[in-house]
Amino acid sequence: MRILIHSDEYYPTAQACSYRMQVFTDTFMELGNEVVVITSSANKKNGIFDKDLHREKIIFSPTVRMKKKTTAMRMINNLSFGFTSVFSALRAGKVDVVITTSPPPLVSFSGWLIAKFKRAKLIYDVRDIWPDVALEMGSFSEGSFFCKVFKKITRFMYKHSDVVSTVSPGKVEKIKGHVASVKGKKAGPSNTDKVWLVGNGFDESITNSKLDPEIVDKYELDKKFTCVYIGNIGLAQGLGALLDVASETKHKNVQFLCFGMGAEKELLEKRASDEGLSNVKFCGVVEHSKVFSILSRAKLSFIPLKNSNMKDSVPTKVYEALGIGCPVLLVAEGDSADIVDDAGLGDHISPDETEGLVDLFDSMIDRYDEIEANRDKAVSLMREKYSRQKIAAEFEKKLRTLCHSKSE
């Protein structure tokens, strides 16, 4: 097969979408397929791009760079990529499959156009369901202009895609409901089988990383009981709960390290300073290659979601921590909590019951040896059941079947 991946984020940008698309690309090519990636030109400026490390053809589509994370700049950035990517696709040649990923939902229509022009099968890869996720977070209301626009876009994509892939069982069921409610040739209850589960999973390649003694020494990971948060410090994470734990825990020898950037970082830093939380450190962005070293030596990985409405969301951090063998303290319900239970390496609490979070944290430290005893089980489970490479290989098999049915 010749597969085109249409994604505004790609290597070397350090984002969950980039890592997901890179694993797809690597796995597809290992299985004998050709891959072309159309991505935003902004990615080339987000890191050192070494073309010698990539066998896939990457087309960087001209895009207005998002200098500030405002709503207006985000829309201009998304729309510019969506527009130029259609023309960039002229350089991609003939393809059998187009995979367009969302969010951002504003570029989805361009993926449909590209597939239409190429006469290729269209896979609509949904990582977060819009506008549902924005409504769950309270970003806008049901009757707002943005909600109406995103609903029209996603309903169009559900109707006209050959397959809708998504990342968790809860999202599969929710999207099946959306697909069944869309009237038209390619939608309706009889077509909900076009919704496929293609999970995020654990990227096994991270285990090829070497332990970095400088990182371990710098953050005293072998000297102190360390609870880490690694990821975006934004509105959806609810990281204020971590400062509550740091302030109220009876275990005053624990250090809390927050790696990442985001809209809430300055506010949280100010709060930590105002409250004199010397056991909390904001460490900035860390290279993805260093994550293995941090999670290998940290005692706990703190992974929160802002509210209990996000039951079908599974942060990639859950798979990563469990796959490396770092116990998880999860503030979430639903699919992500089920995975922590399945692994047996950690505990969880509802975002609606955070008044009990400090007690749970203290309890986990008190029974840490008992939790840690499940480390090998969790690591094995992530590789056997939740391997991103195995998931991508299964995805490839289904794509082959889909293309075969096209030729018949």
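Helix α3 (residues 108-118) contains both F109 and W112, which sit 3 residues apart, about one turn of the helix. Helices here are DSSP runs of H or I, at least four residues long, numbered from the N terminus. The model is predicted: local features need pLDDT of at least 70, side-chain atom pairs count only at pLDDT 80 or more, and totals for chains, interfaces and linings use all residues. Residues are numbered from 1 along each chain as its sequence is written, and side-chain values use heavy atoms, without hydrogens and water.

The structure holds 18 aromatic pairs. Rings of Phe, Tyr and Trp (its six-membered ring) pair if their centres lie within 6.5 Å; planes under 30 degrees apart count as stacked, over 60 as edge-to-face and the rest as tilted. F24 and F28 form a stacked pair, at 5.7 Å centre to centre and 20° between the planes. They are 4 residues apart in helix α1 (residues 16-30), about one helical turn. F24 is buried at 1% relative accessible area, and F28 is buried at 0%. Buried means under 20% relative accessible area, exposed over 50%, and partly exposed in between (1.4 Å probe, protein chains only).

F109 and W112 form a tilted pair, at 5.2 Å and 35°. F109 is partly exposed at 40%, whereas W112 is buried at 17%. Ring pairs also link W130, F140, F145, F146 and F150 into a cluster.

Technical notes. Helices (H or I, at least four residues) and strands (E, at least two) are DSSP runs, numbered from the N terminus.
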